[in-house]
Amino acid sequence: MKPPFVPSGVITLTTDFGHKGPFVATMKGMMLRQFAAAKIIDLTHEIVVHWPAEAAFWLKHAYRFFPEGTVHVAVVDPGVGTERDIIAGLYRGHAFIAPDNGQLAPILGSSSAEAVHRVDLEGLAAFGIHNPSATFHGRDIIAPLAAQLASGARSVRDLGPATREIVPSWVDEPVATASRLSGVVITVDNFGNLFTNIDRPLLRRFKNPVIHAGGHDIPLRRTYADVEPGTYLALLNSFDVLEIARAEQSAARGLGLSRGAPVVVTEG
Amino acid sequence: MKPPFVPSGVITLTTDFGHKGPFVATMKGMMLRQFAAAKIIDLTHEIVVHWPAEAAFWLKHAYRFFPEGTVHVAVVDPGVGTERDIIAGLYRGHAFIAPDNGQLAPILGSSSAEAVHRVDLEGLAAFGIHNPSATFHGRDIIAPLAAQLASGARSVRDLGPATREIVPSWVDEPVATASRLSGVVITVDNFGNLFTNIDRPLLRRFKNPVIHAGGHDIPLRRTYADVEPGTYLALLNSFDVLEIARAEQSAARGLGLSRGAPVVVTEG
Amino acid sequence: MKPPFVPSGVITLTTDFGHKGPFVATMKGMMLRQFAAAKIIDLTHEIVVHWPAEAAFWLKHAYRFFPEGTVHVAVVDPGVGTERDIIAGLYRGHAFIAPDNGQLAPILGSSSAEAVHRVDLEGLAAFGIHNPSATFHGRDIIAPLAAQLASGARSVRDLGPATREIVPSWVDEPVATASRLSGVVITVDNFGNLFTNIDRPLLRRFKNPVIHAGGHDIPLRRTYADVEPGTYLALLNSFDVLEIARAEQSAARGLGLSRGAPVVVTEG
C-alpha cells in the first residue's frame, strides 16, 4: 500500500503578513535551521488580515498544483496567544499545518482527509521547541514542525492526538435549492476578477446558468476573449471555481463588489 | 562548437499577476512537479497589467545578470484563450518562453536570436500536457515547458516549428534624426526614477546630450550624487539605459511623468 | 577553537527596492552566477526608501532566526556612487555586508562583533569584479562578494583592511534616566503594530511599566488576547522589542503614529 505522505521537500507558505518586515523570512530561517534542503514557496502573503476564510479557499484550490508530498503551512492567526489549537493532517498525498481556526476546514474537515491531529502544545519540548513567544507561533512552533514534516523527521501522527472536531470555515457553503444557488465573493485578483465560493460541481445542475451580481445578469462563457472588451462575463476558471470578470477591465471596480458580496446563479 | 544552450537549472519569472492569490505560486508548483531541482527566481510580478512592453523591456535589459543557461519565463497574457501563439527561443546562451504578444520581440526578434520556435499547441500531449485551462496558460502550458527546458529534458527545437515572424513590440523604437532623439518612459522604479527606451548606443551620437522631459532641460551625469539634492539629472544607468532621476527625491512625482511620457535628447 | 564563520549557503537580502522591476532579481542572478547552490531568502524589500535605520533594526533583531553561517546582505544605499564605503563583518556566527551608512551599526558596531572589514573598492578586480556601475553597487559589488562569502570562497578578512570606525546608526539609542525611558517608533507592520527601539533589557528597570504614546497610557501585557478587542496594549514581542498594539485593530491608525514617533516608559 502506498504510504499517505512521502515528503517532496517542498513547503508552501500562506499568511496575512504582507511584505513589510522579516516576518515571513524568519519563518523560512527557522525552517532552514531544521531542514537545510527545504524548498520553500510563497503561496501568498496578502491574505486579507485576520480572515482565515481566504487562506482556506486558496489552500483548497491550489494545493494540487504542487508536487505530492508538499507541506502546506498557513498562518492567518488572529487568536495567537489564546487557547486556540494548532492542527496538522494529510489529504490526497499532501500535508497541512495551521492554527485551528477554519483555515484547514475545507481540506481536513473533508471526509477525504487521511489524518487530522492536534499538535501537543504542552509537549513541544519533545519536538525541540523551547520557549516559543506568545505572539508568533507561526515562526516559533509551526515553522519548525513543518520543516520536520517536510524532511520526514516526523509524521503528522507524531505531533499529537488524532481529532475530527476542528473549527469550521468562517464562510458558509453556498446554499442550493432546486432552481437557485447562492454564494459569495471570496477574493479579488490583481486584474479585478472576482473569485466566488461556487465551484464546478455545484454548477452542474444548470443547463444555461445566469449569474446575478452587482445588479447585473451575467452569462457563463469559456474565456475572457469570448466577449467584447468591457463586457462582463462569468467563467469556470483555472481553479474550477466560478469567476466573474470584465474583458480587459476590472469587474471588481465596474461592479463595485468585493469580498463577501452575494452571487446568485439561476437557470437562464 | 559550444552548444547554444546548456541549462543552469535557473528559471526566472516575469508577470503582471501581483502578489495576491496563488497565481505565481502554482506556476512554481507546476515547475517543481516536472523538475524538482529548479531554482526559480522572481524577476518581477508588478509589470503594469496587460502591458507586455514593460516585460519586454526588463527581459531585454536584465537577462544578462543571470547565469548562462537560464530559462526566462514571461506571462503578461491579455490574449489568453484566444488564438495567440506561445513562442520559445534562444539568445546568447539563455532561453526564453512567453505568449507571442511582443514580450520577446526585443530579444527573439533580434538578428542575434539563435532559434525561435512556435509551441505546437495542438500537440501538447506529446509534452505531457493534458487539458490545459482556457484562462491560465502560464501555469498549465508555459510552466511545464519551461521546467522541461530548464532540466534539459527538451530543447526549444522540440517545442514546435521554427519561425521568424513574431509579434512586434507594443512600443516603437526611439526615432533618431541627425540632431534629435525621441523616446518614451517605459517604467518607474520604487524611488521614482524614470527608465526610458533610449540606451547607451543611441546616445553615442551626442557630445553633450541634453534631455528634455516634463518641460525641463536635464543634463547627463554619472550618478545621483553628482548633483545637489532635489536637482534633476539624467544618467546612463546600471542597465545601460537612459534614466531620469531627481537626487534624493522622486523624478516621477516632481515632473509629473509616468509610462509613455515623451523624452527627447538634443545636442547641448 | 570553533571558527567564527562556517558558511551555511544561506544568504538573506534586505533592501528598499520594493517589488517593481528586476532590481532584487538581478542581485540574485549575480549571486547564482558565483555560487549556484546559494539559498537566497528575501528578508524584506519594503524598508522605507533611503532610511538605513529600519534595515539596521530588522537585521539586529532577525538575524538569529537564520542558520549559523548565514550571510546577511543589506542594500539601503542613498549614497551609491559617492565616496561611502562598503563594510563586512562577523557577529555570533553570522556574516554581514552592506554600505557603511549605519545599517550595520547595531551589529558590527557592537563589542561582540568578531571582525569588521572595509571592502577594498580600489582592488575589486582581485575579487573578479570589473567595471561596476556607478548606480547599483548592490548588484555589481555586494552581491558577488556576498556569494563568495556564502560559498566559502572568501572570508570577510579577505575583503579589505580591518576597521572599527563605522558610520553610526541614524537613530539614537533610547535615553534612560532613573525613572524614565524615551525611545521612538522604528517601523509599523502589516497589522498596524508599532515596533519601537526599546528592547527587553532596557525595560527591566521597571516593576510595572506604563507606556506613553500618542496621548495614551498603555499597560504592558503578554499577548494581544489579554485585552478586549479595540483596546491598546504594549508587549515585549517575539523579537524581544517593545511593541504597541491594538487588539484586532491597527494601533498605527488608532493612535495616528508612525516611524519616528516618541515613546516614553515610566513606572506605573
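Modeller: In this predicted model, the C-alpha centres of domain 1 of chain A and domain 2 of chain A lie 31 Å apart. Domain 1 covers 10–159 and domain 2 covers 175–267.

Colleague: How do you know that domain 1 of chain A and domain 2 of chain A are in contact, and how many residues does each give?

Modeller: Contact requires heavy atoms within 4.5 Å. The contact between the domains takes 11 residues from domain 1 of chain A and 11 residues from domain 2 of chain A.

Colleague: What makes up the area buried between domain 1 of chain A and domain 2 of chain A?

Modeller: The two domains bury about 900 Å² between them, and carbon and sulfur atoms give 72% of it. On the side of domain 1 of chain A, W51(A), F57(A) and W58(A) lose the most area to domain 2, together 51% of what that side buries. By class, that side has seven nonpolar, one polar and three charged residues.

Colleague: How many salt bridges does the rule find across the interface of domain 1 of chain A and domain 2 of chain A?

Modeller: A salt bridge needs a side-chain nitrogen of Lys or Arg within 4 Å of a carboxyl oxygen of Asp or Glu. Across the interface of domain 1 of chain A and domain 2 of chain A, the rule finds zero salt bridges. For polar contact, the count between these domains is one residue pair, both at pLDDT 80 or more.

Colleague: Let us turn to the two chains. How many residues of chain C are in contact with chain A, and what area do these chains bury between them?

Modeller: In chain C, 28 residues are in contact with 29 residues of chain A. Chain C and chain A bury about 2,400 Å² between them, with 65% of it on carbon and sulfur atoms. F65(C), N190(C) and F191(C) supply 24% of the area that chain C buries against chain A, more than any other three residues.

Colleague: What polar contacts and salt bridges are counted between chain C and chain A?

Modeller: The rule finds 10 residue pairs in polar contact, both at pLDDT 80 or more. The count of salt bridges between chain C and chain A is zero.

Colleague: Which elements of chain C supply residues to the side that touches chain A?

Modeller: β2 (39–44) and α2 (52–62) of chain C each supply at least two residues of that side. The largest share, five residues, comes from β2(C). By class, the residues of the side of chain C that touches chain A divide into 15 nonpolar, six polar and seven charged.

Key. Residues are numbered from 1 along each chain as its sequence is written. Chains are lettered from A and ligands numbered from 1 in the order in which they are written. This is a predicted model: local features need pLDDT of at least 70, side-chain atom pairs count only at pLDDT 80 or more; totals for chains, interfaces and linings use all residues. Side-chain values use heavy atoms; hydrogens and water are left out. Buried area is the accessible area (1.4 Å probe) that two parts lose on being put together, summed over both. A polar contact is a pair of N or O atoms within 3.5 Å; within protein, one must be able to donate a hydrogen and the other to accept it, and residues adjacent in sequence count only if both atoms are side-chain atoms. Helices (H or I, at least four residues) and strands (E, at least two) are DSSP runs, numbered from the N terminus. Ala, Val, Leu, Ile, Met, Phe, Trp, Tyr, Cys and Pro count as nonpolar, Asp, Glu, Lys and Arg as charged, and the others, Gly among them, as polar. Domain bounds come from an automatic or database domain assignment.
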